[in-house]
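Hi,

Here is the structure I promised to pass on. Could you have a look at it alongside my notes below?

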Amino acid sequence: MALADLLKQIPLFESMLDSEREHLATLLKRLSLPKGEVLFRKGDHGSSFYIIVKGLIKIGVTSRVGDEVTLALLRSGDFFGEMALLDEQPRSADATAVEDTLLYVLERDDFFSFLFQNENAVRSILRALSLRLRRTDDLFAEISFLTVPARLAKRLHELAQPLQAQEHDGKEFRIRMSQRELAAMLGVTRESINKELKILRDKGVVRTGRNAIIIQDIERLKRRAH
């Protein structure tokens, strides 16, 4: 896929003119990460924005006593690090490759030079960042008002949606994630996740394997996410 076409699939750039995306594509640099490699850690200087071409990146934070919370799992078509392009503040979380990952990187200096020449691109960036802020509000509401079973069903459904789009004829969707990672993402104990997954298994909604959760009934899962 041409880089300009890849940029068109990303909310941050989808409203730009074709000529603007083609210009921006010339500024991207390719980066490969092997599974397990840390891209950056919380507190590191940030000046780069990343687009995932293939693979899986975990965004998370670790407490002083070693407890880890997974904030997001990002895959092909997702982007991250956009705040570093704007404020040059230290990274607010860790980013680690969960599997072999291919990225494209945009550096802050190149990005600002581009924006100074493209007023329409600035409006597109602001719109995408606003959507990100709304998503943060949704997460706070989810933690405040949804039970653990509903939060688990909601998150599994969200993780399965990109897979569902890719596998039009598939009835099962394999999410490559351990129970520990899922618990960290929801901010609950692994034991709580194990208990809730057993209930879903007994109902025929999911199966579990080694570091994987297989969704068997996506519609029933969706109905439980309330």
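Let me begin with G187, which has a positive phi of about 70 degrees and comes just after helix α7. Before going further, a word on the source: this is a predicted model, in which local features need pLDDT of at least 70, side-chain atom pairs count only at pLDDT 80 or more, and totals for chains, interfaces and linings use all residues. Residues are numbered from 1 along each chain as its sequence is written, and side-chain values use heavy atoms, with hydrogens and water left out.

Helices and strands here are DSSP runs numbered from the N terminus (H or I, at least four residues, for helices; E, at least two, for strands).

Of the 8 residues of α7, 7 are buried, so the helix is largely enclosed by the rest of the structure. Buried means under 20% relative accessible area, exposed means over 50%, and partly exposed is in between (1.4 Å probe, protein chains only). The buried set is Q179, E181, L182, A183, A184, M185 and L186.

Helix α7 (residues 179–186) packs against α8 (residues 190–202) at an angle of about 110 degrees, and the two axes are 8 Å apart. Axes are lines fitted to C-alpha atoms, for helices over the stretch in contact, with angles from 0 to 180 degrees between N-to-C directions. The pair is therefore roughly perpendicular, a label for angles of 65 to 115 degrees. On the α7 side the contact (heavy atoms within 4.5 Å) uses Q179, R180, L182, A183 and L186, and α8 contributes R190, I193, N194 and L197.

**Salt bridges**

There are 8 salt bridges in the structure, each a side-chain nitrogen of Lys or Arg within 4 Å of a carboxyl oxygen of Asp or Glu.

One of them pairs D110 with K29, with the closest N and O atoms 3.4 Å apart. It links distant parts of the chain, as D110 sits in helix α4 (residues 108–116) and K29 in strand β1 (residues 29–33), 81 residues apart. D110 is partly exposed at 27% relative accessible area, and K29 is partly exposed at 42%.

Within helix α8, D202 and K198 lie 4 residues apart, about one turn of the helix, and their side chains form a salt bridge at 3.1 Å, N to O. D202 is exposed at 58%, while K198 is partly exposed at 43%. Elsewhere, salt bridges that share partners join K154, R155 and E158 into one network.

Best wishes

Conventions. Angles under 35 degrees count as roughly parallel, over 145 as roughly antiparallel, 65 to 115 as roughly perpendicular and the rest as oblique.
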